[in-house]
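Dear colleague,

I am handing over the structure below, and I would be grateful if you could look through it alongside the notes that follow.

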Amino acid sequence: MSELVADLLAGEHRALARVISMIEDRSPGYREIVSELHRHSGTADVVGVTGSPGAGKSTLVDKVASTYRDRGETVGVIAIDPSSPFTGGAVLGDRIRMASNAGDMDVFFRSMSTRGSLGGLSTATTDAVTALDAFGKDKIIVETVGAGQNEIDVVRTADTVAVLVPPDSGDDVQMLKAGILEIADLFVVNKADLDGADRTVGQLKEMIHHRTDASGPEGHGTDDDGWTPPIVETVANAGEGVDAFVSAVQDHLDYLDESGRREEKVRSRYAAEVRTLLREDANALLAEELEARGGVDPAVDRILEHETDPYTVVADLIEPLESCLEERRQG
Amino acid sequence: MSADQEQAERTIRCLVAKVGLDGHDRGAHVIARAFRDAGFEVVYSGLHRAPEEVVQAAVQEDVDVLGISILSGAHNTLVPKILEGLKEYGAFEDTLVLVGGIVPDGDKEELRSLGVAEIFGPGASMDEMIDYVHEHAPERN
C-alpha cells in the first residue's frame, strides 16, 4: 500500500487533501490510489445539492454540515464552481459561506472547479467522494450549480439529491422540468421568508403531482418506485428548516434501504463508473494512436480532397483494435 | 498508458485569505480576479478569518500558494499562528506563503525568517505577483 493511502486511512488531513489534488490533476499514480481506496469505501451517505446560482446552496450546506457535526458525525463537502473556459482560472467562493464550521477540521471542505477543457468532472468527483468515504466521513455533501449535463451527471451519483429552488422563480420552475426534476429526491424552497415562496411551493407541488400521475397507475402522489419528493421550506441563513431538511434526507435514505433501492443505485452507479472509465480510456488510447499516425490534420486534408471520408478514417483506426480483441476472444 | 496526457499542466491553486479585524477586502478581490485571469484556481476565504480557519482552508484545499492580506497591522501576531498551523498539518513545506498589505520594513525581516516567502506592499503590480507565483510555486509530483 502506498504511503499516501496509508496516511489517508490513518486519518491524516493532508494526505486526503493531496489525494484529491492528484485526482483532480490526474497525476501519475492516481489510478492506483483510487483503486486501493475503493475497497475501503462504501459506508458514507452521499447527498447531492444543486440549484440555480444564488439559491443558497452553500449557506444551506454549511448549516446542514454543522447539524451533522452536532450529532457527532463527520462530514466531507465537495463544492464545485465553474471555471473560465478561456483561462481555466476560477474563483471558488463557496468556502466563504462555511461560517458555522470554521476551524472544525472534522468538516473537510474542498472546492473544485469544473476545469471545463479537461472533461471528466463526474469521474473526478466520484473519485474524490471515494477518497472522503475511505477517509471515514459519515456524510458527504456534493454541491454544484444545476446547469448543464456535466453538473447533473455529478449530482446524480449521490444517494439523495436535493434541488434548491429560490422563491418566486416561475421561470426557474419551468426550467426545472427540463431535467433536474427527474433527479430530485427532495425539493428545497430556500429563502422561504421572501414573497413568492408560497407560490413556488404551490408550483412545485403541482409539478410533482403531475409527474407522479403520469408515471404510475396509482396516481396518489407516489411515483413508480414509491417515493414522493417532499418539499422542505428553509431560511438557511437563519438556520430555519435545516432540521426538517436533515430529516427529509434521512427519510429518503431509510426509504432507499428499506425498498432495496440503495443496492440498485449502487449497482447502477458502479456500472456507470465502469462505462465512463472505459470510454475515457478507450478514447485516450485511440487518440494516442491517431497522434502516432500523424494526427488528425492529414486525415482532414484527405477528407477535404474527397480522397477519403470520416467513417473510413475511423474504421482504419479501429480495425487493428477490433481484430486484436476478436483474436483474443477466440483464443 | 496515458501518463503524459494525464500530466497536463497542473493548475496552480491559491488561497486568498483575509485575516483579522480589518474589513478592507478590495485588494484581496482585485488579486483574486487577477489570479483567476492568470489561469489559477483561487479559493477566497471571505472577511475576518481567524488563523485556524485559514490553516483549515489551506490544508483542505491543498493550495500551492497562500496569500494573506492584512491591513490591520496585526501581522506580527496573526501570520506566525498561521505558519505554526501549517507546520502542524504538514503543509508548510509545500505551500508558498505570501503576505500582502502594509508591513513596516522593520517587520519584513521577521516575517521572512519565519517562513513567509515574499511580502507585497502597496504599489506592487499584479504582473509582478503573478510572475513570482509562476516562478516559485512549489514543485510537486
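**Salt bridges, surface charge and confidence**

Over all chains, the structure, which is a predicted model, holds 29 salt bridges. One of the salt bridges is formed by Glu24(A) with Arg13(B), whose closest N and O atoms are 3.4 Å apart. Because Glu24(A) lies in helix H2 (residues 13-25) of chain A, while Arg13(B) belongs to strand E1 (residues 13-18) of chain B, this pair joins two chains.

Turning to the surface, a patch of negative charge is found there, in which Asp316(A), Glu319(A), Glu322(A), Glu326(A) and Glu327(A) gather.

As for confidence, chain A has an average pLDDT of 86, and 89% of its residues score at least 70. Please read residues 216-221 of chain A with this in mind: the pLDDT stays under 50 over that stretch, for which the model has 5 contacts beyond four places in sequence.

Chain B likewise has an average pLDDT of 86, with 93% of its residues scoring at least 70. Among the elements of chain B, the highest mean pLDDT, 94, belongs to helix H3 (residues 51-61), whereas the lowest, 40, belongs to helix H1 (residues 3-6). Over residues 1-8 of chain B the pLDDT is below 50, and in the model this stretch has 15 contacts beyond near neighbours in sequence.

With best regards

Key
Residues are numbered from 1 along each chain as its sequence is written. Chains are lettered from A and ligands numbered from 1 in the order in which they are written. This is a predicted model: local features need pLDDT of at least 70, side-chain atom pairs count only at pLDDT 80 or more; totals for chains, interfaces and linings use all residues. Side-chain values use heavy atoms; hydrogens and water are left out. Patches are made of residues with over 30% relative accessible area and no salt bridge: like charges are joined within 9 Å, nonpolar side chains (Val, Leu, Ile, Met, Phe, Trp, Tyr) within 5 Å. Accessible areas come from the Shrake-Rupley method with a 1.4 Å probe; for residues, only the protein chains shown count as cover. A salt bridge is a side-chain nitrogen of Lys or Arg within 4 Å of a carboxyl oxygen of Asp or Glu. Lys and Arg count as positive and Asp and Glu as negative; His and the chain ends are not counted. The place of a charge is taken as NZ of Lys, CZ of Arg, CG of Asp or CD of Glu. pLDDT is the predictor's confidence in each residue, from 0 to 100. Contact means heavy atoms within 4.5 Å. Helices (H or I, at least four residues) and strands (E, at least two) are DSSP runs, numbered from the N terminus.
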